[in-house]
Amino acid sequence: MDNYEKRGYLNSDFKLFHLLDTKKQDFEYHYHDFDKIIIFIQGNVTYRIEACTYKLEPYDVLLVSHNDIHKPDIDPTVPYERIIVYLSPGFLQAYQSESYDLSACFQKSKELHSHVLRLHSMEKSSLYRSVTELEYACTHDGYARDLYCQVVFLEFMIQLNRASLTNLVKYLPPATADKRILTIMDYINSHLIDDMTVDSIAESCFISRYHLMHLFKDETGYTLFDYITEKRLLLSRDLLKTGISVTEACFNSGFKNYSTFSRAYKKHFHASPSDTIKEQSFF
């Protein structure tokens, strides 16, 4: 199984970085435990997220959900500048009510199969002002700095959701070579706990078994069952973090054999399922 690397860490509700790379950077496919928002500023970059590709333009806003497998392809001859906000999914879940949900922009992103919001005039928008205020708040000391950063961050998330939900910005259609891949991924991610075979997936997605396996590998870079196993392992880890038992996490994430699950989990995360439970007990 391809071992896509977990990159970065987050020990707070959110964290902001303003990065400028002028040297060659090579990124492999990877994922994060946290959600990520990227405000692209300059460069020549194509971003790949879950088999969708996007040629970025200045001030594009990327929404990368936790466990999304992704990588940027970067032209090293051009400076690559962006603002990145890491945020805890649990933090956004705390800001939900009948009248608002600060994770709505991420949910709409998944529904539309689009991870990029395109703003044609970022400098004139309230969202841009929120970004600049957020960066200033996170990089300057002052009275109640942490509280002020949180307040400004919430304003940024409100502006981002308002823009996305009122169509003031455009969700960019992915430049995916074959749209059937999205159908296949939708099927897999909605049936992770079910028995899946190549034949059952092919039949449900109206594609031949042979073409399914070759198409998926060509378009995504990994085999069909590598992807399924990867997603089941990520789901099991999320379940373990909710406090359920290792056995429940095993079977509720689609594994039918505990030994197979335990070996795959240790190989992938370099820790046992019980280690993940112990880690959560410290928070």
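**Salt bridges in a predicted model**

Biologist: At 31% relative accessibility, does lysine 241 count as buried, exposed or partly exposed?
Modeller: The model is predicted. Buried means under 20% relative accessible area and exposed means over 50%, with partly exposed in between. Lysine 241 has 31% relative accessibility, so this residue counts as partly exposed.

Biologist: Which residue meets lysine 241 in a salt bridge at 3.7 Å, N to O?
Modeller: The salt bridge joins the side chain of lysine 241 to that of an aspartate. This pair links distant parts of the chain, 208 residues apart: lysine 241 is in helix H8, and its partner is in the loop between strand S3 and strand S4.

Biologist: Are aspartate 21 and arginine 82 buried or exposed?
Modeller: The cut-off for buried is under 20% relative accessible area. Both aspartate 21 and arginine 82 are buried.

Biologist: What is the relative accessible area of aspartate 195?
Modeller: Aspartate 195 meets lysine 256 in a salt bridge, 3.7 Å from N to O. The aspartate sits in the loop between helix H5 and helix H6. Exposed means over 50%, and aspartate 195 is exposed, at 61%.

Key. Residues are numbered from 1 along each chain as its sequence is written. This is a predicted model: local features need pLDDT of at least 70, side-chain atom pairs count only at pLDDT 80 or more; totals for chains, interfaces and linings use all residues. Side-chain values use heavy atoms; hydrogens and water are left out. Buried means under 20% relative accessible area, exposed over 50%, partly exposed in between (1.4 Å probe, protein chains only). A salt bridge is a side-chain nitrogen of Lys or Arg within 4 Å of a carboxyl oxygen of Asp or Glu. Helices (H or I, at least four residues) and strands (E, at least two) are DSSP runs, numbered from the N terminus.
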